[in-house]
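Morning, everyone. I have one structure to go through today, and I will keep it short. Please have a look at it first.

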Amino acid sequence: MEKFFKLKENGTTAGREVVAGLTTFFAMAYIIAVNPTLLSQSGMEWGAVFLATIISAIIGTLIMGLVANVPYAQAPGMGLNAFFVYTVCFTLGFTWQQALSMVFICGLINIFITVTKIRKYIIKAIPRSLQNAIGGGIGIFVAYLGLLNVGIISFESGVPALATLNQESLWLFLIGLALTIILLVCKVKGAILIGIVVTALLGIPMGVTATTETISFTEACRQLPTTFCAIFTKEGLGSLFSDAGKIPLVLVTIFSFSLSDTFDTIGTFIGTGRRTGIFSEEDEQAMESRPGFKSKMDKALFADATATSIGAILGTSNTTTYVESAAGIGAGGRTGLTSVVVAICFAVSAFLATFVSAIPFAATAPALVTVGIMMMSAFKEIQWDDFEEAVPAFFAGVFMALCYSISYGIAAGFVFYCITKICKGKAKEIHPILWVATALFVLNFILLAVI
């Protein structure tokens, strides 16, 4: 284990990696029940999506851990699954089989741009100030995600406001948040995981930690064939391009899937990997002149790219690298052993879904908030007194949370970076790849407005 994962070289231990893996899993375990509940609205069988979610998470996370040796977990992404159901199926009128087919093609595109190292070149083209802004922005996004999950921010009046503290779940969250902060301040080992477990246990007498009804594993297995390889039937890829009038709409939708998926991953890797040393610049520079996939970044990007197509074959929307991986990284995870632990937990959850679903958001939200606080330290590297640097950094950092999208935050940062450089007569400083990426984002916004 030491030799394979290089634990000492990465400054970690097996025990720390196990704790980190458990922390990441509990922070993202909600997807096990949420994804099938969401996708089943499009006509898919709940049990089939339930198993597809778990299997795609296991495969994608194992590839990330065993091939790339980095502590990231993968599963069908929130946001992308909502786009799948409400935009692609409900608004645009595509069947779920056609939507899965578009996700599959999106995965193939991501594999292509990864194999050709386009995604890696995009990362290297992002200026240092924007990389720090993305890192801090991921921190805001992760913390905001936790606050929204537990419902302590209310939108009942039309604007965000503090929710009325008349629910047990909110009080449990505040207790868990205080406990987690105290443990971290006192530098207790495994503080974040301890916070999740203790908060979940306190939620039992409060009635917040409660099991939910789910179908049996046997019934889920019977339903899986309805989605497995459905993209290869006449209702899937066979019908996707049959209507010539819809082909432009199909291409626009695939483009939107791919753009969001690509930059969500890039943002997560930059935000969580560089400052912790998981992806070091020295590692990338040392591997730059060697052929093939040798660096951690190369392998991690490839693992992420393949997961989307695998998930589509199984029967779920885009599988992506989870920003909740930051919780495990905050707990000390530095190698693929963390990912292997997450994958094992997902495998066990297929048989214990009722108990896994009992972990409330009130228990996991404190972990996301505290990790978000840690990650915001990246903002200190930005020269905020230099307006030219501060403007794109602000939009890249803040828009992620306000738009509830990592890729939209990056898009805003790119656009204003180009604007400020042009106004200062420094257009030549803008990397050609950044010009192209910015143009693609603008095109995507225009196309989404038109359709």
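**Cores and a pocket**

In the largest nonpolar core, which has 53 residues, Phe263 and Phe414 touch the most other members. The helix that gives the most to this core is H8, residues 128-150, with seven residues. Apart from this core lies another one, of 28 residues, and Leu39, Cys89, Trp96 and Leu100 are among them. Keep in mind that this is a predicted model.

Now back to Phe263. Which residues is phenylalanine 263 in contact with, leaving aside neighbours within four places in sequence? They are Ile122, Ile406, Ser407, Ile410, Phe414, Ala437 and Phe441.

Take Ser407 from that list. Serine 407 lies in helix H21. Is serine 407 buried or exposed? Its relative accessible area is 1%, and buried means under 20%, so serine 407 is buried. Not counting residues up to four places away in sequence, serine 407 touches Ser260, Phe263, Asp264 and Phe441.

Asp264 brings us to the largest pocket: together with Met78, Gly79, Leu80 and Tyr404, Asp264 lies nearest the centre, out of 30 lining residues. The volume of this pocket is about 620 Å³. Which helix gives the most to its lining? That is H13, with six residues. The elements that each supply at least two lining residues include H5 (80-91), H8, strand S4 (319-321), H21 (406-423) and H22 (432-450).

As for the make-up of the lining, 17 residues are nonpolar, eleven are polar and two are charged.

That is what I have. Thank you.

Technical notes:
Residues are numbered from 1 along each chain as its sequence is written. This is a predicted model: local features need pLDDT of at least 70, side-chain atom pairs count only at pLDDT 80 or more; totals for chains, interfaces and linings use all residues. Side-chain values use heavy atoms; hydrogens and water are left out. A nonpolar core is a set of buried Ala, Val, Leu, Ile, Met, Phe, Trp, Tyr and Cys residues joined through side-chain atoms within 4.5 Å. Buried means under 20% relative accessible area, exposed over 50%, partly exposed in between (1.4 Å probe, protein chains only). Helices (H or I, at least four residues) and strands (E, at least two) are DSSP runs, numbered from the N terminus. Contact means heavy atoms within 4.5 Å. On a 1 Å grid over the protein atoms alone, a cavity is a set of points where a 1.4 Å probe fits but cannot get out, and a pocket is an open set with protein on both sides within 12 Å along at least five of seven lines; lining residues have an atom within 4 Å of a point. Grid points are joined across faces, edges and corners, and a volume is the space filled by probe spheres set on the points. Ala, Val, Leu, Ile, Met, Phe, Trp, Tyr, Cys and Pro count as nonpolar, Asp, Glu, Lys and Arg as charged, and the others, Gly among them, as polar.
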